[in-house]
Amino acid sequence: MSNISVVREFVLLGFSHLHEFQFLLFSFILLIYVLTVLGNLAIITFTCLDSRLHSPMYFFLCNFSLMEMLVTSTVVPRMLADLLSPQKTISLAECLTQSFFYFSLGSTNFLILTVMAFDRYMAICRPLHYPTIMNGPVCVKLVAVCWVVGFTSIISPTLQKTRLWFCGPNVIDHYFCDSAPLLKLSCSDTHHIERMDFFLSLLFVLATMLLIIVSYVLIVAAVLRIPSFSGRQKAFSTCASHLTVVVLGYGSAIFIYVRPGKGHSTHLNKVVALMTAVVTPFLNPFIFTFRNEKVKEVIGDMTKRLLLRDPTAHG
């Protein structure tokens, strides 16, 4: 053991192979990140300020927007710093901290998407019981459970990673401390942690997706029984935004963390991971805004009020 050098610092390779485009990538990702934060903050602000959005659906959307901001903030600031820095090193402690928050927030995100599907099921399939069942305290408890389960489930694999030995190469072929590239560098036996990671992926990705699919099968069956076309259209429109986000979020997560042979295409995984960490959080505010009439109405009314208060608007 005396001849083994213990690695406590890693190099995040990121997009180093695109060295001539580093500043261009930095500018583009920074713009996307700023718009992502502003867009999700806008949804949270509108939900808090306008009483028309004080309902379970928008309460869950507000929490989802907060979660999207936090998920992207665990990855993007570090990625931006590395794009401009010649030293792309990260300590093991920083690496495991980033990994813990990324996967904890991501797991919580999938649970909140599942709760949002359950909320739509109750609103459409059980409209008479909906106000009683989905009251304020119940909604708060559901979100609290999502947070607690999402975070506590990642504690055990993270603690086990702190006990690993790293004695070989220290280059992580990624732009953040993803679990699989980090485990690949360990000199210890990582089979148990890999199995645990895969089990958690099945639990938080496939199991929640199955619950969402069941919810939407029941929703579609209920909507088709609505006699009027306008009634069916209104019911489907309330689900369209959520369903679009589900397809985007689950598609990239399944590709990276659940599909067989996931470790053999690191460069492709990096590109697809951008969907989860950067692109989807950026698109979500637009999806929920442009496909939701009530949100568009609230934005329009607030814009009019701001313009009326602006003295230059009267000139």
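Which residues do ring pairs link into a cluster? Ring pairs join Tyr102, Phe103, Tyr175, Phe176 and Tyr257 into a cluster. The model is predicted, so local features require pLDDT of at least 70 and side-chain atom pairs count only at pLDDT 80 or more, whereas totals for chains, interfaces and linings use all residues. Residues are numbered from 1 along each chain as its sequence is written, and side-chain values use heavy atoms, with hydrogens and water left out.

Rings of Phe, Tyr and Trp (its six-membered ring) pair if their centres lie within 6.5 Å; planes under 30 degrees apart count as stacked, over 60 as edge-to-face and the rest as tilted. The count by this rule is 14 aromatic pairs.

Select Phe23 and Phe26: this aromatic pair is stacked, at 6.4 Å centre to centre and 25° between the planes. Both residues belong to helix α1 (residues 22-49), three residues apart, about one turn of the helix. Helices here are DSSP runs (H or I, at least four residues), numbered from the N terminus. Colour next by relative accessible area, computed with a 1.4 Å probe on protein chains only: buried means under 20%, exposed over 50%, and partly exposed in between. Phe23 counts as exposed because its relative accessibility is 60%, whereas Phe26 is buried at 16%.

Now select Phe103 and Tyr257, an edge-to-face aromatic pair at 5.6 Å centre to centre, with 75° between the planes. Phe103 lies in helix α3 (residues 92-125) and Tyr257 in helix α8 (residues 229-258), so the pair ties together parts 154 residues apart in sequence. Phe103 is buried, with a relative accessible area of 17%, and Tyr257 is buried at 15%.

Technical notes: Helix = DSSP H or I, 4+ residues; strand = E, 2+ residues; numbered from the N terminus.
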